[in-house]
Amino acid sequence: MKLTFLGATHEVTGSCFYLEACGKHMLIDCGMEQGKDTFENQEIPIPASQIDAVLLTHAHMDHSGKLPMLYNRGYRGEIHTTGATRALCDIMLRDSAHIQMTEAEWRNRKGKRSGEKPFVPIYTMEDALIAIRNIIPHEYGSIFTLYDGIQVRFTDVGHLLGSASIEIWVTEEGMTKKIVFSGDIGNINQPLINDPQYIKEADYVIMESTYGDRNHGERPDYIKELSKILQTTFDRGGNVVIPSFAIGRTQFLLYYIRKIKEDNLVKGHGNFKVFVDSPLAVEATQIFSENIQGYFDKETMDLVKKGINPIAFPGLVTTITSEESKAINFDDEPKVIISAAGMCDAGRIRHHLKHNLWRRESTILFVGHQAAGSLGRIILDGADEVKLFGEQIKVNAEIRRLSGVSGHADRNGLLTWLSSFQKKPERVFVVHGDDQVCIDFTEYISKELGYSAVAPYSGAVYDLKDNVCLVEGMRIPVESRSKGISQKETAFDRLMKAGKRLLTVIARNKGGTNKDLAKFTSQINSLCDKWDR
């Protein structure tokens with residue numbers, strides 16, 4: 001019964017954990033790293049073909065994005081998750097594969113002229129389709145037997161449609177341990193979806209800490225604030241351009257705007273148009289409309305029972321083709337444009353910024369986190385001009401931010417989730433937060449609240465039967481890839497990874513015969529004698 005920490009350790013993205021139990025090898029999440037990459041992550045310590053199953057908390061790419069890569073490397077097992085997560089992965093993984101293949105085509109076309117080796121995408125559309133076909137959906141609250149001695153339940157954690165904490169019961173040699181993976185813990189009082197459901201018992205807890213160092217503050221009146229922004233912008237003849245994440249945030253905005261229109265809170269502009277200009281967001285919105293039972297909160301279900309679509313209204317226009325997207329900016333009427341990507345670093349939103357940033361009449365409204373270095377953050381921080389498509393664009397538009405809109409629980413929300421366990425777990429593992437946030441949150445719940453807590457680094461291995469650390473994780477900073485890495489540095493990086501792998505192999509030989517262990521020890525010492533200089 002061993003747990004190895006691979007990704008989202010002292011970092012916010014790249015969630016991946018490796019659990020060995022009852023002779024089976026399982027992954028919990030297999031996500032991409034997004035944004036700034038701070039530390040090197042250890043690779044999955046066994047070939048993909050030897051993994052027996054994957055359990056997935058939710059569809060966001062930093063939790064699901066590398067699933068097709070597993071199949072590319074030989075994995076042929078099942079992925080277990082909720083039905084809504086399966087539906088969202090269907091569109092998100094296909095979209096990711098398209099991006100991977102498009103980027104590879106562009107890089108190879110460019111590289112061919114300079115004689116570079118062909119660039120191979122980490123996975124293809126075929127890999128993504130195989131992954132999607134192997135996703136097995138489960139209902140919230142239903143306990144199922146994954147293997148003999150291993151039972152699993154998905155519990156609504158209120159972060160995204162279909163998102164879940166995962167409860168795993170492992171029974172080995174007559175002893176049962178319950179392991180809970182929090183996934184991303186949701187914010188309370190979000191539209192459409194339920195608040196996080198709390199779990200009462202666990203022996204081990206692996207919990208996120210994204211907002212472990214801060215609270216969201218007093219909850220604003222989103223409908224009132226958004227209505228005021230729309231009214232002011234429309235009155236001066238401008239557009240409200242909203243960079244928005246295609247899945248989750250876009251649907252929440254549609255919920256608010258439907259209410260604004262229903263209550264006639266914007267005066268004098270008739271049935272103003274709202275464009276959703278993102279094929280992925282359009283598909284996701286359809287999934288939100290179809291996945292109702294068991295996923296929507298009571299308020300939303302009351303609307304549905306009255307025959308009201310909570311995220312549809314007169315004046316809503318969805319655009320798929322590039323021609324439809326371009327036509328939006330030739331419409332002179334004041335309007336709302338919701339487009340991806342949410343941080344403005346790619347996608348159609350950049351075209352809408354080009355057409356609206358220079359206009360004093362327009363408003364650019366940010367409704368989500370803007371990572372350091374992203375175009376969204378640069379604009380939000382007060383840049384006078386930005387470069388788009390090779391052209392310098394003056395920032396004359398009003399720049400606004402709808403504060404407090406987050407799908408993540410804040411510090412108080414995290415503590416509420418943790419305190420729901422009636423008995424303190426044997427150990428709490430803090431993950432999925434920036435380096436200092438992980439450290440500070442772990443220190444607080446340890447010293448102030450009395451939890452046995454640790455923030456492991458990638459490569460850390462824990463024996464969950466005896467509650468002991470077998471291998472300490474390694475804090476290996478990532479070199480700046482933008483500047484390139486010399487051959488000597490690259491070779492050293494490979495050496496460090498080999499060292500981490502050796503520690504893992506040593507841990508796996510615990511319980512071996514004295515003869516085999518003595519031989520292994522002798523081989524390691526001989527190697528050290530050779531290179532200890």
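**Ground rules.** I am reading a predicted model, where local features need pLDDT of at least 70, side-chain atom pairs need 80 or more, and totals for chains, interfaces and linings use all residues. Residues are numbered from 1 along each chain as its sequence is written, and side-chain values use heavy atoms, without hydrogens or water.

**Overall shape.** I looked up the helices and strands: the chain has 15 helices and 23 strands. These are DSSP runs, numbered from the N terminus (helices H or I, at least four residues; strands E, at least two). Next I checked the box around the C-alpha atoms, and it is roughly 85 × 60 × 45 Å along the principal axes.

**Burial.** I found that 52% of the 533 residues count as buried. Buried means under 20% relative accessible area, with a 1.4 Å probe and protein chains only.

**Helix 4.** I turned to residues 125-133. The buried ones are Asp127, Ala128, Ile130, Ala131 and Ile132. Their cover includes helix 2 (67-72) and helix 3 (83-114), along with strands 5 (78-82) and 6 (135-138).

**Cores.** I then looked for nonpolar cores (buried Ala, Val, Leu, Ile, Met, Phe, Trp, Tyr and Cys joined through side-chain atoms within 4.5 Å). The largest has 107 residues, and Ile168 and Val336 touch the most other members. Helix 3 gives the most to this core, eight residues. A second, separate core has 21 residues, including Phe421 and Tyr451.

**Ile168.** I listed its contacts (heavy atoms within 4.5 Å). Beyond four places in sequence, Ile168 touches Leu19, Ile28, Leu55 and Phe181, among others.

Definitions and conventions
Buried means under 20% relative accessible area, exposed over 50%, partly exposed in between (1.4 Å probe, protein chains only).
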